[in-house]
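Hello,

Here is the structure I promised to pass on. Please open it first, then read my notes below.

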Amino acid sequence: MPGGPAGADALVNREWSLAELAAAYAYPEPGTGALRPWLRANMVSTLDGAAQHEGHSQPISSAADMRVFGTLRALADVIVVGAETVRQEGYRPARARAEFAAARKAAGQGPAPAIAVVTAGLELDFSLPLFTSPLVPTVILTGAAAAPDRVAAAEKAGARVLVAGEGSGVDPARAVRALAGLGHTRQLTEGGPRLLGQMVAAGVLDELCLTLSPMLTAGDAQRIAGGPSVAVPRRFELVSLLEEDGFLFSRYRRS
């Protein structure tokens with residue numbers, strides 16, 4: 001992966017190892033006292049702002065993007081995703097990866113990150129492997145008004161249901177705190193755009209890892225974040241920038 005952190009003295013014109021990528025994308029070191037959750041997002045966008053092509057992100061991705069994708073997952077305690085993305089992308093449980101096993105054990109993490117699904121109506125197929133055979137039980141984040149029969153179905157399938165909002169909606173800030181209460185402080189969201197937009201609006205996003213794909217798709221595909229605009233744009237600062245085969249891998253943190 002040619003390139004290096006923004007401001008680096010020299011470019012590294014070779015493919016980075018997984019260990020080097022893990023070091024480059026490491027979560028902030030915990031401070032003293034109670035551990036603060038850190039929520040990062042990982043998204044991909046084309047040059048003209050599309051987050052998907054024909055409903056999927058894979059066509060605008062690359063092998064290097066998937067290496068970063070896998071590394072970010074391997075560093076996380078939990079992966080937060082919207083129900084629509086689960087349905088569209090055919091989400092499966094996160095898998096254990098031998099390359100990261102020692103590092104996860106040293107950090108006190110389980111063999112793989114949990115998947116946490118944000119859903120108001122719990123309209124999910126609980127017979128899928130995401131619920132029936134994860135290494136770590138899948139978490140459902142929903143509102144207090146969720147239908148009892150759907151909650152029961154989720155729990156019967158082995159999922160852990162957390163109430164993170166009043167009514168039928170989910171409050172992003174409550175969701176972040178609820179996951180941290182389970183010990184999941186290293187948090188990663190992969191969207192979709194609607195969920196990321198809610199997180200941006202709620203001011204809970206700490207970091208954005210954005211892959212800029214050297215492709216143009218036109219059409220009316222969603223951007224990486226959707227929903228109502230914020231009253232004042234959120235300012236983030238560039239932390240690092242990598243490049244491979246025309247793909248740019250940027251990392252921004254909240255200012």
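My notes go from the whole chain down to single residues.

**Overall.** Please keep in mind that this is a predicted model. The protein chain has eight helices and ten strands. Its radius of gyration is 18 Å, close to the 18 Å that the globule rule gives for 255 residues, so the chain is as compact as a globular protein of that length. The C-alpha trace spans about 55 × 45 × 35 Å along its principal axes. Of the 255 residues, 45% count as buried. The accessible surface comes to about 12500 Å². Carbon and sulfur atoms hold 56% of that surface. Now the contacts between residues at least 6 apart in sequence: 69% of them join residues at least 24 apart.

**Annotation.** An unreviewed UniProt entry carries the annotation "domain: Bacterial bifunctional deaminase-reductase C-terminal" for residues 37-240. Over residues 37-240 the chain is 29% helix and 21% strand. The end C-alpha atoms of that stretch are 21 Å apart.

**Strand β7.** Start with β7, residues 186-189. It pairs with β2 (residues 38-46) in the parallel sense, over four bridges. Trp38 has Arg186 in β7 as its bridge partner. β7 also pairs with β3 (residues 78-82), again in the parallel sense, over three bridges. There, Val78 stands opposite Gln187.

**A cis peptide.** Look next at the bond between Gly191 and Gly192. It is cis, with omega about 10°. Gly192 lies in the loop between β7 and α8, and α8 covers 193-202.

**Positive phi.** Two residues other than glycine are worth a check in your viewer.

- Ala218 has a positive phi of about 55°. It is found in the loop between β8 (207-213) and β9 (236-244). Is Ala218 buried or exposed? The cut-off for exposed is over 50% relative accessible area. Ala218 has 53% relative accessibility, so it counts as exposed.
- Asp245 has a positive phi too, near 55°. Its place is the loop between β9 and β10 (247-254). Asp245 counts as exposed because its relative accessibility is 67%.

Best wishes

Technical notes: Residues are numbered from 1 along each chain as its sequence is written. This is a predicted model: local features need pLDDT of at least 70, side-chain atom pairs count only at pLDDT 80 or more; totals for chains, interfaces and linings use all residues. Side-chain values use heavy atoms; hydrogens and water are left out. UniProt positions are given in the numbering used here, feature names are shortened, and annotations may be inferred rather than shown by experiment. Helices (H or I, at least four residues) and strands (E, at least two) are DSSP runs, numbered from the N terminus. Two strands pair if DSSP finds at least two bridges between them. Buried means under 20% relative accessible area, exposed over 50%, partly exposed in between (1.4 Å probe, protein chains only). The radius of gyration is taken over C-alpha atoms; the globule rule is 2.2 Å times the number of residues to the power 0.38. Contact means heavy atoms within 4.5 Å. Accessible areas come from the Shrake-Rupley method with a 1.4 Å probe; for residues, only the protein chains shown count as cover.
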